[in-house]
Number of protein chains: 2
Amino acid sequence: MTTTLDAIATPALLLERAIVEANTAAMAERAERLGVTLRPHLKTAKSASVAALAARGPRREITVSTLAEARHFVEHGFDDITYAVALVPSKVGAMAQLTKRGAVVRGITDSVDAVREIAAAAARADVRLPMLVEVDCGLHRGGIAPDSETLVPTARAIHEAPALELAGVLTHAGHAYGARDHDEVLRIARDERDACVAAAARITEADLPCPIRSVGSTPTACRVDHLEGITEMRPGVYVFFDTFQQRLGMCEADEIAVTVVASVIGHMPERGRLLVDAGGLALSKDVSPNVFDPGIGYGIVADERGRPFEPRLVVREVHQEHGIVESDGELPFERLPIGSRVRIVPNHVCMTVAAYDRYHVVERGLQITETWERCAGW
Amino acid sequence: MTTTLDAIATPALLLERAIVEANTAAMAERAERLGVTLRPHLKTAKSASVAALAARGPRREITVSTLAEARHFVEHGFDDITYAVALVPSKVGAMAQLTKRGAVVRGITDSVDAVREIAAAAARADVRLPMLVEVDCGLHRGGIAPDSETLVPTARAIHEAPALELAGVLTHAGHAYGARDHDEVLRIARDERDACVAAAARITEADLPCPIRSVGSTPTACRVDHLEGITEMRPGVYVFFDTFQQRLGMCEADEIAVTVVASVIGHMPERGRLLVDAGGLALSKDVSPNVFDPGIGYGIVADERGRPFEPRLVVREVHQEHGIVESDGELPFERLPIGSRVRIVPNHVCMTVAAYDRYHVVERGLQITETWERCAGW
């Protein structure tokens, strides 16, 4: 069923298929050149159709951030999943259900105490769960420092628990999002790799297995010089990119794949304002790219074909269902009558897409050829 | 089916039924005392079960901010709905479908040009749509100033369109959220009332009908001294309240009805951090109450029974699925082992609840007796 942009209810997500194809192909090629498995993080896309483009290996290896995602992807045939948020015992039952459907679903941990409880829960659920030790490479959002005295005991506790299997180590350099230039991203990418390799070395030196050595974030995946000693990487936002990644230098504007289509719902020429029906829920309240460019507000406004207006239009303020658009120059009221459509480029696409249950897939400009379901919740 | 807090997957929404009952009863009483109809704004709750408590009149009169809400509430028997976001022609078809199911669904507008297009769309859809003129009482988010020369022509354009019906005027003092004290809220509440009354007077003086004179926001509804000349009010967030409303002085902490239950997923004692599985998606990135109290971060952390910790624990930083909890004092790691549960009080509940598809209804402390569905999307 092909339709046009005018026919869909606003606000809605538009996904440019050709851009997603190019982004996912480029990262797959990069992983191959770096000699590692690409295990894309689907926390951004939460869509089996996007995952099918991103995960190209025969085992359909992916990363998720919620068990709702894990269920969604198992239902769509993905069978090798890392749930990359520290596991708690109460979630073991839900993981066990997926394991019993034939999928490998592995958890992560940074705590010997948690390992004991997780092992007991896995035994009660009658499954053997693979677990990775979470390593802190500088983000300080959980994880064990590679030189910490608790690293090997945690790995050993997993290895010795009959209901668990020590699958390796995992780290995430989320602090690369705070880097100001390519050199700093490269330095963080090296830290991420080196922390992972160092942790794995200590574990194997203790005669414990460490088959998976997993790193990953989009900035570090884009910039790292080599990944010797690493087996896989887990970038996520690269499937779509966004204004934050663009300002961080990880993509060009024309590599941003997802936009929010909104309707112009009001004109306030006397106040230099134009209103759209995409507000805080439709765009999210993430203002992260403003650290690079304080004028961005809640998103950059583009025309129906995705070309940003010149002079720039931005969503300066959001209410729940209203976006207030302002311009550095004159607002083009005549070009944007009430009822006309604009596209808004997301600041941080992971947050923006979360409000929607589907992507409208755009091809050849304004033709919508498919809708791709996405999952939500936990 | 009664269950306990421990049995639900985290993060999740908890709703204290007794508090919602008290909040909705208090506002209903206030509307009666003020001599106006209460038309609660369900943009916050998006739940027919909450709406049934909030909308007590025989016609089940409510306000919505999306057509997804309108559909949800029509399906649950609500038959008198104001869609309080400026209507665009492309949405008339969806409204017409609800009208044909027997519901009154009225739109709002501030533009003669839009009226012409909306009238044409209504005629094509073979419905007669009631429309309100949106009045700007100082928020400057759409609406016509009561003394504007376009006010009466807009009302007349509606009245003269065969497919439309002039139903009255509507205004919203959203700028009351920016007030710093009760006196300022009262002043804004009077402006809201007076702007609405003045606009209605100009319309009736032009021999046009103006049966509905609608005002509303939670702060102004809580503080206004009288509503002579007004027929209805549309507060919304009062059904749940939140930290922002509490800091604004509109409620006490024990009148906040909804919290996010989260699991402790990590300890970083060496960094003074504790991690929970409620991050930017589970809490939203709304930081509005920090204007009153810059230490609040992304939410105040309470124990399993909803009692805030002393010294205060707050979610200082959020990643997509991680909340980083810090304290002004010592973190109670022993009291909060990995896997234990906390509740997080939402900064701005309208944004927080949007990520969830249901409320877990709590009674008598920790007993969950029901789940109430909520709608999402557009």
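User: A nonpolar core is a set of buried Ala, Val, Leu, Ile, Met, Phe, Trp, Tyr and Cys residues joined through side-chain atoms within 4.5 Å. How many residues does the largest nonpolar core have?

Analyst: This is a predicted model: local features need pLDDT of at least 70, side-chain atom pairs count only at pLDDT 80 or more, and totals for chains, interfaces and linings use all residues. Residues are numbered from 1 along each chain as its sequence is written, chains are lettered from A and ligands numbered from 1 in the order in which they are written, and side-chain values use heavy atoms, without hydrogens or water. Buried means under 20% relative accessible area, exposed over 50%, and partly exposed in between (1.4 Å probe, protein chains only). B:L164, B:M233, B:F240 and B:I344 have the most contacts inside the largest nonpolar core, and its residue count is 129.

User: Which element gives this core its largest share?

Analyst: Elements are DSSP runs: helices are H or I with at least four residues, strands are E with at least two, and both are numbered from the N terminus. The largest share of the core is eight residues. They come from chain B, residues 182–205, which is helix α7.

User: Which residues is B:F240 in contact with, leaving aside neighbours within four places in sequence?

Analyst: Contact means heavy atoms within 4.5 Å. B:F240 is one of the residues with the most contacts inside the largest core. Its partners are B:L15, B:V20, B:N23, B:T44, B:A45, B:V50, B:E255, B:I256, B:A257, B:V258, B:V349 and B:Y359.

User: How many residues does the other core have?

Analyst: Another core lies apart from the largest one. A:V215, A:V318, A:V325 and A:V349 are among its members. Its residue count is 127.

User: How many salt bridges does a search of the whole structure find?

Analyst: A salt bridge puts a side-chain nitrogen of Lys or Arg within 4 Å of a carboxyl oxygen of Asp or Glu. The search covers all chains. The total is 48.

User: Which residue forms a salt bridge with B:D80 at 2.9 Å?

Analyst: B:D80 sits in strand β5 (80–86) of chain B, and its partner is in the loop between β3 (37–38) and α2 (48–54), 41 residues apart. Both are buried. The partner is B:R39.

User: B:D80 and B:R106 also meet in a salt bridge. What is the relative accessibility of B:R106?

Analyst: The N to O distance in this salt bridge is 3.0 Å. It links strand β5 to strand β6 (104–109) of chain B, with the two residues 26 apart. B:D80 is buried at 1% relative accessible area. B:R106 also counts as buried, with a value of 5%.

User: Which elements of chain A each supply at least two lining residues to the largest cavity?

Analyst: Lining residues have an atom within 4 Å of a cavity point. Here they include A:E134, A:D136, A:H140, A:R141 and A:H172. By class there are four nonpolar, four polar and three charged residues; Ala, Val, Leu, Ile, Met, Phe, Trp, Tyr, Cys and Pro count as nonpolar, Asp, Glu, Lys and Arg as charged, and the others, Gly among them, as polar. The elements are β7 (129–135) and β8 (164–171).

User: What is omega for the bond joining B:T10 and B:P11?

Analyst: The peptide bond is cis. B:P11 is in the loop between β1 (3–4) and β2 of chain B. Omega is about -5°.

User: Is B:D207 buried or exposed?

Analyst: B:D207 has a positive phi, near 65°, and is not a glycine. It lies in the loop between α7 and β9 (212–215) of chain B. At 70% relative accessibility, B:D207 counts as exposed.

Terms used
On a 1 Å grid over the protein atoms alone, a cavity is a set of points where a 1.4 Å probe fits but cannot get out, and a pocket is an open set with protein on both sides within 12 Å along at least five of seven lines; lining residues have an atom within 4 Å of a point.
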